[in-house]
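Work through each task before you read its solution.

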Amino acid sequence: MHADEREELLTLYTDLRVCDVRDGMDALGYFHYGSLDPTIRPLWRTHAFGIAKTVRYLPYRGPEPQMSAKEYREEWTPMYYEKICPYPWTKEIEKGDFIVIDLSGLNVGLIGSCNGLGIFADGARGFVIDGGVRDTDELIREHVPVWSKTIAQTMVQVRLQYDAHNIPIAVGGVQARPGDMVVADGDGVIVVPHEIARDVATWAHDEHAKDKQD
């Protein structure tokens with residue numbers, strides 16, 4: 001997507017609430033598509049929107065490390081993050097991205113206060129995670145917008161393995177593709193297919209204007 005198109009889409013969705021976007025989708029006949037399952041909830045009441053950057057991690061298949069704590073921390077863990085569960089997509093963040101992560105529904109903390117804040121500082125608008133997030137007290141204090149299925153305590157070691165990014169994924173029962181629009185607030189999360197994003201914005205703004213008049 002060219003920079004001008006990204007900027008246009010981000011501008012179109014600046015003032016839109018999730019409910020406005022839902023109404024815009026309905027106007028175009030997408031009555032049963034786009035809204036994530038209500039189990040995907042915000043860590044704190046806020047509003048965020050952006051262009052989907054999709055990521056998928058799968059359950060780890062083993063074997064589990066059998067070694068001393070020192071070997072685990074100093075040898076196995078660095079190998080794991082380099083070869084089994086890397087974060088290559090974090091090097092490709094563009095301003096306006098909304099990170100949409102399929103964690104295979106696992107209650108694991110792929111995103112926490114350190115990497116979450118770093119990715120947010122690099123220009124991401126927020127995170128939607130079909131799975132867990134950890135360090136949530138710090139993420140709230142850092143004002144990093146996160147919508148997740150669960151709150152996790154665990155790190156990723158021996159639990160997740162990287163699969164792919166910039167691909168179609170499933171999150172909250174909805175297909176999300178790179179370049180789709182994502183809008184999230186206290187009402188939940190909605191994904192708008194890229195090919196109808198402009199038309200949805202037109203009707204969403206129309207509905208929003210009517211609400212203001214009423």
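**Exercise 1. Which residues form one aromatic cluster? Then classify the pair Y60 and W76.**

The cluster consists of Y57, Y60, Y72, W76, Y80, Y81, Y87, W89 and Y162. Before going on, note that this is a predicted model, where local features need pLDDT of at least 70, side-chain atom pairs count only at pLDDT 80 or more, and totals for chains, interfaces and linings use all residues. Residues are numbered from 1 along each chain as its sequence is written, and side-chain values use heavy atoms, with hydrogens and water left out.

Step 1: know the cut-offs. Rings of Phe, Tyr and Trp (its six-membered ring) pair if their centres lie within 6.5 Å; planes under 30 degrees apart are stacked, over 60 edge-to-face, and the rest tilted.

Step 2: searching the whole structure turns up 10 aromatic pairs. One of them, Y60 with W76, has 6.4 Å centre to centre and 85° between the planes, making it edge-to-face.

Step 3: place the residues. Y60 sits in the loop between β2 (48-59) and α3 (69-84) and W76 in helix α3, so the pair ties together parts 16 residues apart in sequence. Helices (H or I, at least four residues) and strands (E, at least two) are DSSP runs, numbered from the N terminus.

**Exercise 2. Are Y60 and W76 buried or exposed?**

Step 1: buried means under 20% relative accessible area, exposed over 50%, partly exposed in between (1.4 Å probe, protein chains only).

Step 2: both Y60 and W76 are buried.

Step 3: Y80 has 0% relative accessibility, so Y80 is buried, while Y81, at 29%, is partly exposed.
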